Amino acid sequence: MTPRPGLLDRLGGVAVRGRIEKARGPSRVLYDPSYGTPIAEFAEASGEEVATAVAEAVRAFPAWAGSHPRDRQDVLLALADQVERAIGELTELEALNAGKPLAQARGEMVFAVRTLRYFAGAPLRPTGELNPSAGGTLAYTDRTPLGVCAAIAPSNYPLLLSVWKVAAALAYGNTAVLKPAEETPLSALRFAELAHDAGLPPGVLAVVTGGPETGRLLCRHPDIAAVSFTGSTAAGRDVAALCAEGIKPVSLELGGVSPFVVLADADLDAAAAALVEGFTGNTGQMCVAAGRLIVESPVREAFTRQVARAAAARRIGPAFDPATELGPLVSAEARDHWTRQVDQALAAGARVVEPRGAEPSGGGYYVAPLVLDGIHPDMPIAREEVFGPVLPVIEAASADDALRLAAATRFGLAASLWTRDLHQAHRAARNLRAGMVWINTYGDTEEHISVGGIGLSGYGRELGVHAREQYTATRAVFLAHG
């Protein structure tokens, strides 16, 4: 199955005023991950075009920031309606460009619509504080937008995470320049058109495509007031260093090797079902993927075989096949990186827990989920993010040992504990150092609840009320009225 004819006709490399145009930077070929075949070729944004996008956003900022909050709400609601009407087209773009199964891609588009509608309410929510002051003086604290915000989005959830960033930035009165991942720009470019159709004023949102150098240009630009970045920890270090040069705030949502802790008293069927989704969902390309199974000794062997059987049964195939549950990895480079890490683990003594799923043929970037037993906590595969469907299994002698192993990481994005013991559940919730902690569940995310990491998994928050910390600054105002 292929996308509707004409779906790619309008797609160029840069969108500044709601129009998608061919850019003047280096040429890039985009590939369909399902088959490894080219789907589009266009030029990336040049340095001059990045500067133009920022300049347009600077010019648009005063009017947008000064507009009535209700006007910003109305435009964001109109944009949500536009995205909802275009869900079919956006789903196909995401499936084609990122290799996402259709049902998964559609679910992400629905989440994007919910996010836009949630942040549409933000402009009219009360903010600020009235402070105690002497007679004749009014002292209050308010929030002011920062200016032009750069949003640098990843390839694993191309449009959804772009919307998380852009919706919040615009709601609080900022203008935005969005850089999607170099492998997956198509849905973001279409989103720029939809924003124009929804009535977003010219210059308020621009999309510029390109690789790491385009991101560096945005981070270094003196007129970029703040940066929101989602990606690897290594790239996050670079972003933070570049933003430090300009003393500008940055939000980093980075990688993790998240522990999935199963105690002997857990509901093993429920835990296994959640874990299979936790390490194979989105073909393992999730910052919050279950990166380590830490399981108590009495149930280790039976539980790991149960997980391996369920993972092997997942249908791997091309994105446009309705029966597909797991699509390909996003690129040949991602597939090769996954293979190297698995091969290193096997060479170090890891063992594959059978059965293993069969990979489809046809030239796409496919890998079959793997459960690896015999893992020592110091092995690289148990300490470094793989970003693909592999599950290292670490045996724990007791509940205390399991929690100790879970804490033995400098990452802190997500963690999950499975137990019927209420005391252990509360204990884990209190002691696990992660920005997202799930007890007897995994992966729950809602647009009204703020999420993010700690440690090497970053800082700052997406979604919910705490997103405003990234996109506004507090001001202390003293008014002497005599």
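Which helices and which strand each supply at least two residues of the lining of the largest pocket? They are helix H7 (212-220), strand E10 (224-230), helix H8 (233-245) and helix H11 (332-347). Helices (H or I, at least four residues) and strands (E, at least two) are DSSP runs, numbered from the N terminus.

This is a predicted model, where local features need pLDDT of at least 70, side-chain atom pairs count only at pLDDT 80 or more, and totals for chains, interfaces and linings use all residues. Residues are numbered from 1 along each chain as its sequence is written, and side-chain values use heavy atoms, with hydrogens and water left out.

**Annotated span**

- An unreviewed UniProt entry carries the annotation "domain: Aldehyde dehydrogenase" for residues 30-477. UniProt positions follow the numbering used here, feature names are shortened, and annotations may be inferred rather than shown by experiment.
- Residues 30-477 are 40% helix and 20% strand, and the end C-alpha atoms of this span lie 51 Å apart.

**The largest pocket**

- The largest pocket has a volume of about 1100 Å³. Of the 39 residues that line the largest pocket, Glu183, Phe229, Gly231, Ser232 and Ala235 are the closest to its centre.
- For the grid terms: on a 1 Å grid over the protein atoms alone, a pocket is an open set of points with protein on both sides within 12 Å along at least five of seven lines, a cavity is a set of points where a 1.4 Å probe fits but cannot get out, and lining residues have an atom within 4 Å of a point. Grid points are joined across faces, edges and corners, and a volume is the space filled by probe spheres set on the points.
- With six residues, H8 gives the most to the lining of the largest pocket.
- By residue class, the lining of the largest pocket has 17 nonpolar, 12 polar and 10 charged residues. Here Ala, Val, Leu, Ile, Met, Phe, Trp, Tyr, Cys and Pro count as nonpolar, Asp, Glu, Lys and Arg as charged, and the others, Gly among them, as polar.

- Thr233 lies in helix H8 and is buried, with a relative accessible area of 12%. Buried means under 20% relative accessible area, exposed over 50%, and partly exposed in between (1.4 Å probe, protein chains only).
- The side chain of Thr233 reaches the backbone oxygen of Leu456 at 3.0 Å.
- Gln341 is found in helix H11 and counts as buried at 9% relative accessibility. Leaving aside neighbours within four places in sequence, Gln341 is in contact (heavy atoms within 4.5 Å) with Ile381, Glu384, Glu385 and Val386.
- The C-alpha atoms of Gln341 and Val390 are separated by 9.6 Å, although these residues are 49 residues apart along the chain.

- About 640 Å³ of space lies in the second largest pocket. Tyr157, Met286, Val288, Gly443 and Thr445 are the closest to its centre among the 29 residues that line the second largest pocket.
- Helix H4 (102-120), helix H5 (158-171) and helix H9 (268-280) are the elements that give two or more residues to this lining, and H4 provides the largest share, five residues.
- The lining of the second largest pocket divides into 15 nonpolar, 10 polar and four charged residues.
- Glu108 lies in helix H4 and is buried, with a relative accessible area of 5%.
- A polar contact of 3.0 Å joins the side chains of Glu108 and Gln104. Such a contact is a pair of N or O atoms within 3.5 Å; within protein, one must be able to donate a hydrogen and the other to accept it, and residues adjacent in sequence count only if both atoms are side-chain atoms.
- Not counting residues up to four places away in sequence, Glu108 touches Lys100, Tyr157, Leu160 and Asn282.

**Cavities**

- The structure holds four cavities of 30 Å³ or more, and the largest cavity has a volume of about 130 Å³.
- Sixteen residues line the largest cavity, with Ala289, Ala290, Gly291, Val386 and Phe387 nearest its centre.
- Strand E13 (290-296) and strand E16 (390-396) each supply at least two residues of this lining.

**Backbone points to check by eye**

- Most residues other than glycine have a negative phi, and most peptide bonds are trans.
- The peptide bond from Glu354 to Pro355 is cis, with omega near 5°.
- Ile247 has a positive phi near 50° and is exposed, with a relative accessible area of 74%.
- Asn440 has a positive phi of about 55° and is partly exposed, at 38% relative accessible area.
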